[in-house]
Amino acid sequence: MNFLAHPLLPGSALKSLWPGASDQMAPLPVGEAFASMVDPFGFGRAAAGYWRDSIERSVLYWDVMRERGNQYLEHMEQTKPNVLGFDTEVLIDGRTLPHPTNYELLRVLPPSHIQIDPEKRPFVVVDPRAGHGPGIGGFKPDSELGVALKAGHPCYFIGFLPFPEPGQTVEDVVEAEIAFLRHVIALHPETAEKPMVVGNCQAGWQIMMAAALEPDVFGPILIAGAPLSYWAGEHGKAPMRYTGGMTGGSWITALTSDIGNGLFDGAWLVQNFERLNPANTYWKKQYHLYDNIDTESKRYLEFERWWGGHVVLGGQEIQYIVDNLFVGNRLSTAQLVTRDGRRIDLRNVRSPVVVFCSRGDDITPPPQALGWVRDLYEGEEDIIANEQTIVYCMHDTTGHLGIFVSGSVSRKEHTEFTANMDYIDVMPPGLYETTVSHVSERDDAELLERDYLLEFTSRNFEELDQDVKHIPEDDRRFATVARISEINLGFYRLYVQPWVQAMMTPEAARWIRRMHPIRLGYKLLSDRNPLTVPLPVMAESVRSNRQQVGQDNVFKALETMCSDQIVANLNAVRDLRDSTTERLFMDIYGQPLLQAAVGLRGDAHVHRRRPGAEPEHQRFVENRKNELRNKIAQGGAHEAVMRSVIYVLGGAPATDERNFKRLRASRAELEPSSTLSEFKRLVRDQFFILKLDRERALSSLPELLKGQSSSDIDGHIEHLEHVFAASGELSEHAAERFEQVKTLFDQARPPKAAQPKATQPKATQPKAVSVPATDTKQAGDQKAAIDTQTAASSPTDSVVTEAESVLTEKVSAEKDATQRASTETVPATNNVATDAAKEASKPQPRAASRRKPPRKR
């Protein structure tokens, strides 16, 4: 490699200085031998190659920064900026609603190569409004919207504009989202299934609030990376939950809104996110671009287009969010009440809820995503009594944005969620954990239709606590923060806010937003800065003569080691900062004197009382149980078959989509004309009955089948066999349960009617034939058996005298035929026994007169 090469000069100019140099410019004019003699160990050549490569990467890096700034300015100048990767059309503008908002409902237009099935369940994605613009849920093909479109679902998107409407509140946004969903349902009258709704991050708790207020407009709900329990967390992790306490509460939010003249700049929220991981913000992300400048520039610019698209929130909105959610934690404890007096209780959600979180998420860790379950319910039995289905899935490594941005996550988890939503919608109530496994990891890969299988395992609260890690002492501390926040906010509004609002003007607020450090970082590195004018020319020259060095270059390896050391140092600083913050928080707000001073007296029970522990809820649960007990023996064949299906399939430790095929086959054969909601009600009622009293529920199966003929029962068993065979063989335990069900079905068969006995008119009855004593004894035994069976089945249909005569004649004829056969008499003698047997087997005419009563023995 030519160490005299200059990266900013054309290669031809350098070649002209050294005639005969190759295109790679590696050998010197005097030859490789001279270069080896001058630089025997290759350090000089390695240094020259690294020097050129580093300068070329620097030029390309700053040019990408210039493109990022231009992209930011172009994006912010749009009226309705978003980063969606699909064409859309506006259906409803939230500014036209009775309570105007800056939200809008968009129909996603599928690409030309994708066919949409209008009878499939609609799919609605709601993006987060937490400082960034809309579109992250569908900004590339491998996204939540892209996966749903590939599956043929009609897709819709709920986005928002950069600035809120005057006086807009969180309740207005929730009501707008409900109106949007009603419109989506009206657009699809041909399907009975409600829309599946996906809420990312901040949109997750908005969707849950809307579903608690209007549960009838929601289908299955997927909340990805959405915090719902803000006090929850594990020590040593989740440092964001201490922010409210370390700033003295929400007064700082009110101050920021007042400085913005009633508007809260979303760039402040983005700055909080970036401070969580300084190593990634200040070095790792930028170095990754610099190190892979030839391949990463496109991906980097696509992401920065969304990350830098800052929006503005209303002062009332952000204050409501901080006071009631981040500091007060009132959503997960059913303490929120709307302006018209309705309580927002998440137990009112009737749709299945899928919680998708990650252990690698430092913004919404699993305890904050799942803690609301423990805040609301005493145990899994309480969830079942409330008829809720809660499914959670935890990724091991992906970060917060990767939950709804990562292509690998979309191809795996989101694809499986979309494919299994109909199954999740009819799953019995309870708490489940789901895992996704690849076909290569399974022994039954030939039975799977896709590359992955989604499995559901029932969980209890002890297993849930291993992820939530609830600590009651922390509740007292956060309750103390909530009280202090109320006090400080009151003082601010009384003494400071009037002065700030009097001094701020719209122009001053606009200038402060423009001067935000994050916004300046984009604007200063754009074409508006005259210092960036040479960058495009220099970058083009470098690209045309680019020469990279390999990873085996010693100086390149040293660069990588140095970068890793910088990341490690920044991570150490972050850990020290977080541990110090946590220690200060625990020490300050854990003081009993401070807790008593704010009215808690060391007990935050009033703040953490579970809604499920209230007496009225306990009465509701008991009434529901009594109602189900009365239904155990009520119903017919449909209830018996569905109860049997649930009992047999419930014998497995885990369930998956193959059981949904069985349920779907059951619906197609059992209730072909029923709607999904009716079928769902049938499934849930029978599940509750089995859960409440399994023994009585099973023993009542014959009662439910009462009045069914044997052929009807055979048909039901065949139906069950067909349902269970819909996706492979049953497990051994499930097969044993199926045999038990068959036995119970057999008990419901009607008793077989007694066959009419052969009778003969008295005038033609043959005389009794004398037989040996042993044969007479056998005849008497058989006659006694006939008497017993006849008397037990239908006494009025038998004539004992005729039966005795026929039996005696038959036995005598058979004995006579046997004796003749043993002495090898003429074959014609065998006809005697044959004729006698035929004569005895002929049906005899019934007597016209009154029949004799059965003879008593």
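Helices here are DSSP runs of at least four residues, numbered from the N terminus. The model is predicted.

**Stop 1: helix H11.** Select residues 293–307, which form helix H11. Pick out Arg 299 and Glu 296. Their side chains meet in a salt bridge, 2.5 Å from N to O. The two are three residues apart in the helix, so about one helical turn separates them. Arg 299 counts as partly exposed at 44% relative accessibility. Glu 296 counts as buried at 16%, because buried means under 20%.

**Stop 2: helix H3.** Now select residues 43–76, helix H3. Show Asp 63 and Arg 66. They form a salt bridge, with the closest N and O atoms 2.9 Å apart. Three residues, about one turn of the helix, lie between their positions. Asp 63 is buried, at 2% relative accessible area. Arg 66 is buried too, at 10%.

**Stop 3: a link between distant parts.** Go to Arg 749 and Asp 714. Their salt bridge has its closest N and O atoms 2.5 Å apart. Arg 749 sits in the loop between helix H33 (732–747) and helix H34 (773–793), while Asp 714 is in helix H32 (residues 710–724), 35 residues away in the chain. Arg 749 is partly exposed at 24%, and Asp 714 is partly exposed at 33%.

**Stop 4: a network.** Select Arg 52, Asp 53, Glu 56, Arg 57, Asp 291, Asp 294, Arg 546, Lys 556 and Glu 559. Salt bridges with shared partners join these residues into one network. The whole structure holds 46 salt bridges.

**Stop 5: Thr 101.** Finish in the loop between strand E1 (87–93) and strand E2 (103–109), where Thr 101 lies. Thr 101 is buried, at 0% relative accessible area. Beyond its sequence neighbours within four places, its contacts include Arg 95, Glu 165 and Asp 172.

Terms used:
Residues are numbered from 1 along each chain as its sequence is written. This is a predicted model: local features need pLDDT of at least 70, side-chain atom pairs count only at pLDDT 80 or more; totals for chains, interfaces and linings use all residues. Side-chain values use heavy atoms; hydrogens and water are left out. Buried means under 20% relative accessible area, exposed over 50%, partly exposed in between (1.4 Å probe, protein chains only). Contact means heavy atoms within 4.5 Å. A salt bridge is a side-chain nitrogen of Lys or Arg within 4 Å of a carboxyl oxygen of Asp or Glu.
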